[in-house]
Amino acid sequence: MFWQQAIPAALGVSSMKEYHVNSLAVPRKAKEAIGGIAKRTHADGRTMVINVEYNQLDPLLRATINPEGDVNVETGFSPFPGNIYQLILELGPYIEELNKTGGAIKEFVNPKYKDASKTSFKSSTRLECMMQDYPKTLPPTARVGFTVMDAWLAYAPVKNNPEDAAKRQHFKDA
């Protein structure tokens, strides 16, 4: 029901900003198990607005811009909003990319371990690709952005089993 309000608003932002890709996002607590939207800068100066997976964001920040990693700021949230995996794509550039790439996105293996010892798997490991990596296929001139909405207004996916969700509840309460 909430998407009925979030999507039209994000479509308006996409149109006004002339985005090729617009990712919907919600405020996110530091270290929360949801990907963060970040502006990455390459060594040659190129920039890219892209999702960084939650298990990669804190180490990336520690290695680059903040030795403390992903921390909440004065708003009580991380400066990197949470990606809720709703993408708005401008149709023309999207069709061009589909014709160029055949719809292929770079794949990777993403093992899920039971614990930090990494000696047994939580679930079977599989080959994956991420729709939020689509902007990586675009030319550097592509306009990629995001729209942050309050969580109550935008759909927020539930991807955790009940045990993991209970462990992570402290992020919501903090």
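Me: Which element supplies the largest share of the lining of the largest cavity?

Reply: Rolling a probe the size of a water molecule over the atoms shows where empty space is left. On a 1 Å grid over the protein atoms alone, a cavity is a set of points where a 1.4 Å probe fits but cannot get out, and lining residues have an atom within 4 Å of a point. Here the largest share of the lining, three residues, comes from E3. Strands (E, at least two residues) are DSSP runs, numbered from the N terminus. Strand E3 (47-52) and strand E7 (144-148) each supply at least two lining residues. This is a predicted model, in which local features need pLDDT of at least 70, side-chain atom pairs count only at pLDDT 80 or more, and totals for chains, interfaces and linings use all residues. Residues are numbered from 1 along each chain as its sequence is written, and side-chain values use heavy atoms, with hydrogens and water left out.

Me: What is the volume of the largest cavity, and which residues line it?

Reply: A volume is the space filled by probe spheres set on the points, with grid points joined across faces, edges and corners. For the largest cavity that gives about 60 Å³, and one cavity of 30 Å³ or more is counted. Its lining includes Ser23, Val49, Ile50, Asn51, Val144 and Gly145. By class there are five nonpolar, five polar and no charged residues. Ala, Val, Leu, Ile, Met, Phe, Trp, Tyr, Cys and Pro count as nonpolar, Asp, Glu, Lys and Arg as charged, and the others, Gly among them, as polar.

Me: How is a pocket read, and what is the volume of the second largest pocket?

Reply: A pocket is an open set of points with protein on both sides within 12 Å along at least five of seven lines. The second largest pocket has about 230 Å³. Of its 14 lining residues, Thr47, Met48, Pro139, Pro140 and Ala142 are the closest to its centre. Its lining has eight nonpolar, two polar and four charged residues.

Me: Is Asn22 buried or exposed?

Reply: Buried means under 20% relative accessible area, exposed over 50%, partly exposed in between (1.4 Å probe, protein chains only). Asn22, in strand E1 (residues 21-26), has 0% and is buried.

Me: Which polar contact joins the side chain of Asn22 to another side chain?

Reply: A polar contact is a pair of N or O atoms within 3.5 Å; within protein, one must be able to donate a hydrogen and the other to accept it, and residues adjacent in sequence count only if both atoms are side-chain atoms. The side chains of Asn22 and Thr147 are joined at 2.9 Å.

Conventions:
Helix = DSSP H or I, 4+ residues; strand = E, 2+ residues; numbered from the N terminus.
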